[in-house]
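The paragraphs below take them one group at a time.

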Amino acid sequence: MPSNSFEARTRAVVLLSGGMDSCVCAALAARDHEAAAVHVSYGQRTEGRERLAFEGICDSLGIRERLPVRNDSLRAIGGSALTDAQIAVPESHAVGAGVPVTYVPFRNAHFLAVAVSWAEVLGADKVYIGAVEPDGSGYPDCRPAYYRAFNEVVKEGTKEGAIEIVTPLIAMHKVEIVRLGLELGAPFDLTWSCYQREDRACGVCDSCVLRLRAFREAGAADPIPYAEAAARSS
């Protein structure tokens with residue numbers, strides 16, 4: 001049996017939100033491992049559209065094992081424009097130098113806990129997450145130091161201590177992620193990045209603006225639909 005056969009591949013769990021970065025991360029995981037994907041719905045504004053993106057990306061990449069879960073605690077806690085309808089999602093130009101109101105407090109710790117638990121059960125030795133520091137929104141749980149520390153927690157808190165959280169995109173600029181995704185054949189047309197709309201991306205929130213800029217700098221067309229006014233200004 002060839003060494004690169006499906007049965008011989010190592011296992012990995014990938015956190016797949018349905019956005020651009022997580023899609024490219026999933027494409028890497030599916031290329032190099034027998035991948036299983038986790039999706040967390042946590043009461044975010046676009047949770048229905050993100051779930052559709054998750055399923056579509058998994059279908060496209062051939063990821064058969066999927067774990068969609070709900071985390072109602074983040075919505076109950078609030079404190080973020082993504083989970084609290086009373087806090088408006090700001091347009092990109094209105095985002096200041098500090099941590100923006102779209103930050104969901106300690107969100108990635110919740111996501112990673114689920115993924116590591118499932119990795120233990122599956123016998124996977126890697127957990128992929130598409131965290132990005134450059135060109136990101138300044139979220140503290142997207143910094144390399146955070147993942148170094150979390151790997152120590154995983155080492156001490158799991159049976160074998162052998163599961164590693166990997167962040168293949170963390171040092172990349174968004175335009176580099178787009179180029180890598182194009183090389184991998186990542187299904188960008190199935191992704192969803194907008195913070196506030198589910199029909200057509202708004203084009204003005206921080207996530208949309210960063211995404212549009214990255215595609216423009218890569219010399220590629222963003223294949224998802226945008227609101228007409230946003231499309232004219234991009």
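Arginine 11 counts as partly exposed because its relative accessibility is 21%, where buried means under 20% relative accessible area, exposed means over 50%, and partly exposed lies in between, with a 1.4 Å probe and protein chains only. The model is a predicted one, in which local features need pLDDT of at least 70 and side-chain atom pairs count only at pLDDT 80 or more, while totals for chains, interfaces and linings use all residues. Residues are numbered from 1 along each chain as its sequence is written, and side-chain values use heavy atoms, with hydrogens and water left out.

Arginine 11 takes part in a salt bridge with glutamate 34, with 3.5 Å between the closest N and O atoms; a salt bridge here is a side-chain nitrogen of Lys or Arg within 4 Å of a carboxyl oxygen of Asp or Glu. This pair links distant parts of the chain, since arginine 11 is in strand β1 (residues 11–15) and glutamate 34, 23 residues apart from it, is in strand β2 (residues 34–41). Helices (H or I, at least four residues) and strands (E, at least two) are DSSP runs, numbered from the N terminus. Glutamate 34 is buried, its relative accessible area being 17%. Arginine 11 also meets the side chain of glutamate 65 in a salt bridge, at 2.0 Å from N to O. Because glutamate 65 lies in strand β3 (residues 65–70) and arginine 11 in strand β1, this pair ties together parts that are 54 residues apart in sequence. Glutamate 65 itself is partly exposed, with a relative accessible area of 30%.

A further salt bridge joins the side chains of glutamate 47 and arginine 70 (3.3 Å, N to O). Glutamate 47 lies in helix α2 (residues 47–61) and arginine 70 in strand β3, so the pair ties together parts that are 23 residues apart in sequence. Glutamate 47 counts as partly exposed, at 23% relative accessibility. Elsewhere, Arg51, Glu55, Asp59 and Arg66 are linked in a network of salt bridges, and a search of the whole structure finds twelve salt bridges.

The buried residues of α2 are Arg49, Glu50, Ala53, Phe54, Gly56, Ile57 and Cys58, and they pack against α1 (20–32), β2 and β3. Glycine 62, whose phi is positive, near 75°, follows α2.

The largest nonpolar core has 44 residues, and those with the most contacts inside it are Val13, Leu112, Val127, Tyr147 and Ile165; such a core is a set of buried Ala, Val, Leu, Ile, Met, Phe, Trp, Tyr and Cys residues joined through side-chain atoms within 4.5 Å. At least two residues of this core come from each of β1, β2, α4, α5 (144–157) and α7 (206–218), and α4 gives the most, with eight residues. Isoleucine 165 touches Leu112, Val116, Val127, Ile129, Tyr147, Phe150, Asn151 and Val154, residues up to four places away in sequence not being counted, where contact means heavy atoms within 4.5 Å. Apart from this core lies another, of 30 residues, among them Ala12, Ala26, Ala30 and Phe54.

Serine 80 is found in the loop between α3 (72–77) and α4 (107–122), and it counts as buried, at 0% relative accessibility. Leaving aside neighbours within four places in sequence, serine 80 is in contact with Ile87, Val101, Thr102, Tyr103, Val104 and Pro105, and its side chain reaches the backbone oxygen of valine 101 at 3.5 Å.

Leucine 184, found in helix α6 (residues 174–184), is partly exposed at 26% relative accessibility. With residues up to four places away in sequence not counted, leucine 184 touches Val24, Ala27, Leu28 and Arg31.

Note on methods. Polar contact = N/O pair within 3.5 Å; in protein donor to acceptor, adjacent residues only side chain to side chain.
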